[in-house]
Amino acid sequence: MKKIIVLALCLIVSLIANAQESEFVAHSNGLIYSETTMSKLTSIVDSLNLKYLSCELNKTYLGKAQTVGHSIKLEQGNISEVIIDLENNISYENFKEKYAKAEIMENVLVVRFQYQNYKGKDIIEFSEIDVGDGYGMEISFDKQLDDYKGDLKSPWIYHHIKKTDYWEESINIFYLPNKLETKPVPDKYAKMIGYADCLIDTTTAKFKKNLKRGWVDLPRNWEKLSLKKQSKILDEMRSTQVVGSCSQDSRPRIHAINIAILAASTANWQVFLKSHLDIMNDRFDRASDGSYAWAQRKTYIKELEELNINVLDLILGISLRTENPSEHHYYGNIRRIGRALAEAQHRENVESELIAMISNDELDDYNRILGYYVFLNYFYSTEDESLKEVNKAKLKNAISHLPGYISDKIEID
C-alpha cells in the first residue's frame, strides 16, 4: 500500500512539474532570487572582499595518487590457482602466458581514492578512469587498509567474486608496475582550489548535526518577519533532511532554495553559497532518480554571475580533485558543471580555460581528464550547432596534447 501511495505521489508531482514552464518562479529581474535578495547578497560579497583578498592562496595541493597499469578480468578457469599466483607475485608476462583467456585492458589510468561510505566506514578504492564509452573497473577494500596506503607491497590488486545463485565465480585484477604518484597541482589551479575554499568557507556546514527527516514551510510573508524569526526558521530548515521520494519529487531542491533565500536575507553567505551550489550540482538525497528527470533541473549559474565573484575560478576550483583537500572541501558534479558552464555569460573564457586545462602537461593526468569531461558535458549542453563544430575542433586539438595512452582511447563524433 505504501509503494502505491509513493507511486501516486510521484505521478502527481510529475504532472505538476510538466505543467510548469520552469523549475522555479523567476522574479522581475529574471532570477530565482528577488531584487531585494540579490541586493543583500551583493552587499555581503562587497563587505567580504577584503577577507577573500587575504585568503591563503599559496597552499601546495597534490593530485590524486595515480599510475598507469593494466585491468584484468577472468571469468573462467581455476580462480583459486590465480589467487595463489597473485599472492606469490607472478610476473605479468608469465600471467598473460598462463591465463591466455583473461580479458586484459593495458595502459589504463588507475586512481586511488580514500573515503567513508554511507555507513561511516573507511574505504580505499582503486578505480580505472575510462575515457571510452564503458565503465572502468573498481576494486575497493574496507579491511587491512594499511596494505593499500603509501607504496603498495605488491603490484597485484585483486577482488575475488565468489560463485552464488546469481553469478559465476570470477576475479577482477589491477596490475600496477609503477608506484602511485601524487603530482603537485600547478600554481594557477592551486589558487582556484584555494579561492573556492575561501569563498565557500569550509569551516561552516550547510546542515546542522543530528538531522531529522521532515519538511519546514517558508511562510508567504517571510520578508515581513524580523531577522530573529527568519534566523529561527533557517535553523529549523538546516536541522531538517528532505529526501526525494522519486525522480520528480522537487522538494529537496525547493528546500535548498528556501534555505538560500533565508541565508541571504540573514546575511549568512556561507550557508547561502553551499545551498545554491547544491542546487547547481543537484546534490540531494532521493529514493530513485531516473535520467529522464534531469533536464528540468536547471543550474542557475546566472545568479552567481550577478554577484561580484570570480565564478569561473570557483567552478573550476570545485572541479579539480586533490589528495590533500581542505576538510569539508566542496566537490562539484562534473556533468552538472559542464551544463552550468554552457549557460555562462562569457563562454569564450570557459572554453579557453578548459582547453588549457586539458592541454597542460604540468597538471596530473586525472585532473586533465576531468577537464576533458567538463568540456565534453559543456559541448553536449551547447545548443548552437555551428558553435559545436568550432568547439569540436578545439577539443580534438586539446586531446592530441594528452598522453598517448589516453588520447588513443578517445573518439569524438
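Contact here means heavy atoms within 4.5 Å. The model shown in these views is predicted.

**View 1. Helices α13 and α14 pack against each other.**
Tyr 372, Phe 375, Leu 376, Tyr 378, Phe 379 and Tyr 380 of α13 touch Lys 388, Asn 391, Lys 392, Leu 395 and Ile 399 of α14. Sorted by class, this contact holds eight nonpolar, one polar and two charged residues. The two axes come within 10 Å and cross at roughly 165 degrees. Angles over 145 degrees count as roughly antiparallel, and α13 and α14 are therefore roughly antiparallel to each other. The crossing of α13 with α14 is left-handed.

**View 2. Helix α12 also meets α14.**
Helix α12 spans residues 347-359 and helix α14 spans residues 385-399; their axes come within 8 Å and cross at roughly 25 degrees. That makes α12 roughly parallel to α14, since angles under 35 degrees count as such. This crossing is right-handed. On α12, the contact residues are Glu 351, Ile 355, Ile 358 and Ser 359. On α14, they are Leu 387, Asn 391, Lys 394, Leu 395, Ala 398 and Ile 399. Six nonpolar, two polar and two charged residues make up the contact of α12 with α14.

**View 3. Six strands build an open sheet.**
The strand order is β4-β3-β2-β1-β6-β5, and the pairing is antiparallel. Strands β4 (138-141) and β5 (156-161) stand at the edges. Each has a single partner strand, so one side of each lacks a neighbour in the sheet. From one strand to the next, the twist averages 30 degrees. Strands of a sheet pair through backbone hydrogen bonds, either parallel or antiparallel.

**View 4. Strands β1 and β6 pair, with α3 across them.**
Strand β1 (residues 66-74) and strand β6 (residues 170-175) pair in the antiparallel sense over five bridges. Ile 72 stands opposite Ile 173 in β6. Helix α3 (residues 79-87) lies across β1, β5 and β6. It runs at about 20 degrees to β6.

**View 5**
Eight bridges join β2 and β3 in the antiparallel sense. Val 111 stands opposite Ser 127 in β3. Five residues lie between the strands of this hairpin, where Gly 120 takes a positive phi near 80 degrees. Helix α13 (residues 365-381) lies across β1, β2 (103-116) and β3 (122-129). It runs at about 95 degrees to β2. Is β3 enclosed or open? Seven of its eight residues are buried, so β3 is largely enclosed by the rest of the structure.

Strands β3 and β4 run antiparallel and are joined by four bridges. Ser 140 in β4 is the bridge partner of Glu 125. Which residues of β4 lie on its covered face? Ile 139 and Phe 141 do, whereas Glu 138 and Ser 140 form the uncovered face.

Ile 406 sits in helix α15 (residues 404-407). Its relative accessible area is 3%. Buried means under 20%, so Ile 406 is buried. The C-alpha atoms of Ile 406 and Val 131 are separated by 7.2 Å, although the two residues are 275 apart along the chain. Ile 406 touches Val 131, Asp 365 and Ile 369, leaving aside residues up to four places away in sequence.

**View 5. Two loop residues have positive phi.**
Most residues other than glycine have a negative phi. Asn 89 has a positive phi, near 60 degrees. Asn 89 lies in the loop between α3 and α4 (92-98). With 45% relative accessibility, Asn 89 counts as partly exposed. His 328 has a positive phi of about 70 degrees, although it is not a glycine. The loop that holds His 328 lies between α10 (311-317) and α11 (334-341). His 328 counts as exposed, at 56% relative accessibility.

Methods
Residues numbered from 1 in each chain as written. Predicted model: local features only at pLDDT ≥ 70, side-chain atom pairs only at ≥ 80, totals over all residues. Heavy atoms only, no water. Axes fitted to C-alpha atoms, helices over the stretch in contact; angles between N-to-C directions. Parallel < 35°, antiparallel > 145°, perpendicular 65-115°, else oblique. Left-handed = near helix turned anticlockwise from the far one by under 90°. Nonpolar A, V, L, I, M, F, W, Y, C, P; charged D, E, K, R; others polar. Pairing = 2+ DSSP bridges. Buried < 20%, exposed > 50% of the residue type's maximum accessible area, 1.4 Å probe, protein only.
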